[in-house]
Amino acid sequence: MSRTGGQRSGVTARGIGLILATIVLLGAGFRYGYPDLALLGAAAGVAVTAALVFAFWRPSLGVTRVADPDRVARGEPADVTLTISNTSRVRAATLVATDRCGATTVDVPLLRLRAGHDTVETYPVPTHRRGLVPIGPLHVTRRDPLGLITLARGYGETTVVRVYPRVHPLRATPAGLTRSLDGSVDKVPQGSITFDTLREYVPGDEIRRIHWRSSAKVGELMVREQLDTAEPTIVMLLDDRAAAHRGDSFEDACEAAASIVVAAAREDLPISLHLVTGGISGPHLDVLTEATLGDGDLEATLRRLRAQRLGDTLIFLTGPGGRADLGAVSGLRTAYPVALAGILGDRDSSPAAATDRLLVIEAVDGAEFAAAWDGMRGW
């Protein structure tokens, strides 16, 4: 299956020439009394009219498209199965069709597709880069036999394949502040269960959890949501500033972030993901798939994280250009008892050393980061 560029719709250069010839021949023939010229002009006009009728005939096609899988890690295989049905009752269709797949198009042969029949094509999705890969619509190009008019129409809906960052297995996970004898982690001296928020009562809630004072104020039963603070809470800040990265360092940082997200989910640890530029919300892996480099205010982001105190373990992932900001990040140690910085990309000749305020990992890529992560001491 070959790949080709998209085709434009409209009148071709040959068609424009024939239309001008029609006008000139008919005008000269009738004005100066040359019936032969008028006859040639009429023949050219008939050819243009026939081309219009042929090109503007809209084939009746049904198009369905299934991506399997529609979420895949970078480099893993994914395929699209395209089913095209000729829903016409009488005519067979021989058409030139192309399906968009990311930045390329894929040729889809439709040779004498009989009425009431369908054809199935399967082709691979390019997953060599992280991001969203839009697929479709199917473009069917009609061109008259004389090549005067080319008309392309779209069929079917667009499907999106999410190419996640590559995930590297992490064995180690943060343990929070201190461990109690039964293996849980205590973050507050009063105990491991604390009030988190209020919500409406639903059947099955324990009566002792009803907050009567708030219920009286709002006129509905409200119950207390409790938060188990025995679990370490990870706050991950991904530096998506263009000035902080060189080469593929941002892709490597996204791989490191995705690896941490998956490891936290495996251990059932709460984790929140933040971008310096902000603006993207949703499931963490989806955010990492859509993240792009931009302009952001790191100082403002650090001030917000310091004020909110969202957890006990802070992880800052940046590129070579973010090395100078490690001092500002270490200032969050007053709000986050455990702080780690990961510098992805080119390793500096004099690597930053871990201190009592900030653990530092320098790695060329995501795989090296995972190995260094598992070898860290100080969680």
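A crossing of two helices is called right-handed if the near helix is turned clockwise from the far one by less than a right angle, and left-handed if anticlockwise. With that in hand, here is a friendly tour of this predicted model. The crossing of α4 and α8 is right-handed, while that of α1 and α2 is left-handed. Both pairs are described below, after a look at the chain as a whole.

**The chain overall**

- The chain holds eight helices and 19 strands.
- It has 379 residues, and 42% of them count as buried.
- Among contacts in the chain with a separation of 6 or more, 68% are between residues 24 or more positions apart.

**Helices α4 and α8**

- Two packed helices are described by the angle between their axes and the distance between the axes.
- Helix α4 covers residues 249-266 and helix α8 covers residues 366-374; their axes come within 8 Å and cross at roughly 45°.
- On the α4 side, the contact involves Asp252, Glu255, Ala256 and Ile260, and on the α8 side Gly366, Phe369 and Trp373.
- Sorted by class, this contact of α4 with α8 has four nonpolar, one polar and two charged residues.

**Helices α1 and α2**

- Helix α1 (residues 13-32) packs with helix α2 (residues 35-56) at an angle of about 150°, and their axes are 7 Å apart.
- Angles over 145 degrees count as roughly antiparallel, which is why α1 is described that way relative to α2.
- From α1, the residues making the contact include Leu18, Ile19, Thr22, Leu25 and Phe30.
- From α2, they include Leu37, Ala38, Leu40, Gly41 and Val48.
- By class, the contact of α1 with α2 has 13 nonpolar and four polar residues, with no charged residues.

**A closer look at Ala13**

- Ala13 lies in helix α1.
- Its relative accessible area is 69%, and Ala13 is therefore exposed, the cut-off being over 50%.
- Ala13 and Ile149 are 136 residues apart along the chain, yet their C-alpha atoms are separated by 9.0 Å.

How values were computed. Residues are numbered from 1 along each chain as its sequence is written. This is a predicted model: local features need pLDDT of at least 70, side-chain atom pairs count only at pLDDT 80 or more; totals for chains, interfaces and linings use all residues. Side-chain values use heavy atoms; hydrogens and water are left out. Axes are lines fitted to C-alpha atoms, for helices over the stretch in contact, and angles run from 0 to 180 degrees between N-to-C directions. Helices (H or I, at least four residues) and strands (E, at least two) are DSSP runs, numbered from the N terminus. Contact means heavy atoms within 4.5 Å. Ala, Val, Leu, Ile, Met, Phe, Trp, Tyr, Cys and Pro count as nonpolar, Asp, Glu, Lys and Arg as charged, and the others, Gly among them, as polar. Buried means under 20% relative accessible area, exposed over 50%, partly exposed in between (1.4 Å probe, protein chains only). Angles under 35 degrees count as roughly parallel, over 145 as roughly antiparallel, 65 to 115 as roughly perpendicular and the rest as oblique.
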